[in-house]
Amino acid sequence: MKKIEAIIKPFKLEDVKEALVENGIAGMTVSDVKGYGRQQGHSELYRGAEYVVDFLAKIKIEVIVNDEDVDSTINVIVEAAKTGKIGDGKIFVTTVDEVVRIRTEQRGSEAV
């Protein structure tokens, strides 16, 4: 199993969620996060004073999928989250050694 973490723009959350559900992804965890990449934040003007916003608001979506579903899940996220502009986000894939559903004590793929 793999854990897919996608960092996306906040306004793309509904699009990504709907696309994942349409493609059989039953559950996900969503977090509000802040960060920056190559864009390095931006400057804003407030009451005549300029200040730098270093960390930009982003959304982190985490899903666990079977190994054979990784590529299709990544493609779904990319298609739903892409705007073609800087700051669209990143996707990270890591290996998951074990999953346990607390309520039923199911393990592995059954627990997902």
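Predicted model: local features only at pLDDT ≥ 70, side-chain atom pairs only at ≥ 80, totals over all residues.

Colleague: In which order do the four strands of the open sheet lie?

Modeller: The pairing in this open sheet is antiparallel. Its edges are strand 2 (29–35) and strand 6 (89–95), each of which pairs on one side only. Neighbouring strands are turned by 25° against each other on average, direction ignored. The order of the four strands is 2-5-1-6.

Colleague: How many bridges join strand 2 to strand 5?

Modeller: Strand 2 and strand 5 run antiparallel. Among the pairs, Thr 29 has Glu 62 of strand 5 as its bridge partner, and Gly 35 has Leu 56. The number of bridges joining strand 2 to strand 5 is seven.

Colleague: Why is strand 5 described as largely enclosed by the rest of the structure?

Modeller: A residue counts as buried when its relative accessible area is under 20%. Strand 5 is largely enclosed because the buried residues number seven of its ten.

Colleague: Which residue forms a salt bridge with Glu 62?

Modeller: Side chains of opposite charge can pair when their charged atoms come close. For Glu 62 and its partner, the closest N and O atoms are 2.9 Å apart, and the cut-off is 4 Å. The partner is partly exposed, at a relative accessible area of 24%, and is Lys 3.

Colleague: Where do Lys 17 and Glu 14 both lie?

Modeller: These two residues form a salt bridge, with 3.8 Å between the closest N and O atoms. Lys 17 is partly exposed at 35% relative accessible area, and Glu 14 is partly exposed at 42%. They are three residues apart, about one turn of the helix, and both lie in helix 1 (residues 13–22).

Colleague: How many salt bridges does the count come to?

Modeller: The rule requires a side-chain nitrogen of Lys or Arg within 4 Å of a carboxyl oxygen of Asp or Glu. The pairs discussed above include Glu 62 with Lys 3 and Lys 17 with Glu 14. By this rule the total is six.

Colleague: Which element gives the most residues to the lining of the largest pocket?

Modeller: The largest pocket has a volume of about 340 Å³. Of its 21 lining residues, the closest to the centre are Ile 25, Gly 27, Ile 64, Val 65 and Val 112. The elements that give two or more residues to this lining are strand 5 and helix 2 (70–81). The element that gives the most, with four residues, is strand 5.

Colleague: How many residues of that lining are nonpolar?

Modeller: The lining of the largest pocket also holds eight polar and two charged residues. Its nonpolar residues number eleven.

Note on methods. Residues numbered from 1 in each chain as written. Heavy atoms only, no water. Buried < 20%, exposed > 50% of the residue type's maximum accessible area, 1.4 Å probe, protein only. 1 Å grid on protein atoms, 1.4 Å probe; cavity = no way out; pocket = protein on both sides within 12 Å on 5 of 7 lines; lining within 4 Å. Points joined across faces, edges and corners; volume = space filled by probe spheres on them. Nonpolar A, V, L, I, M, F, W, Y, C, P; charged D, E, K, R; others polar. Pairing = 2+ DSSP bridges. Axes fitted to C-alpha atoms, helices over the stretch in contact; angles between N-to-C directions.
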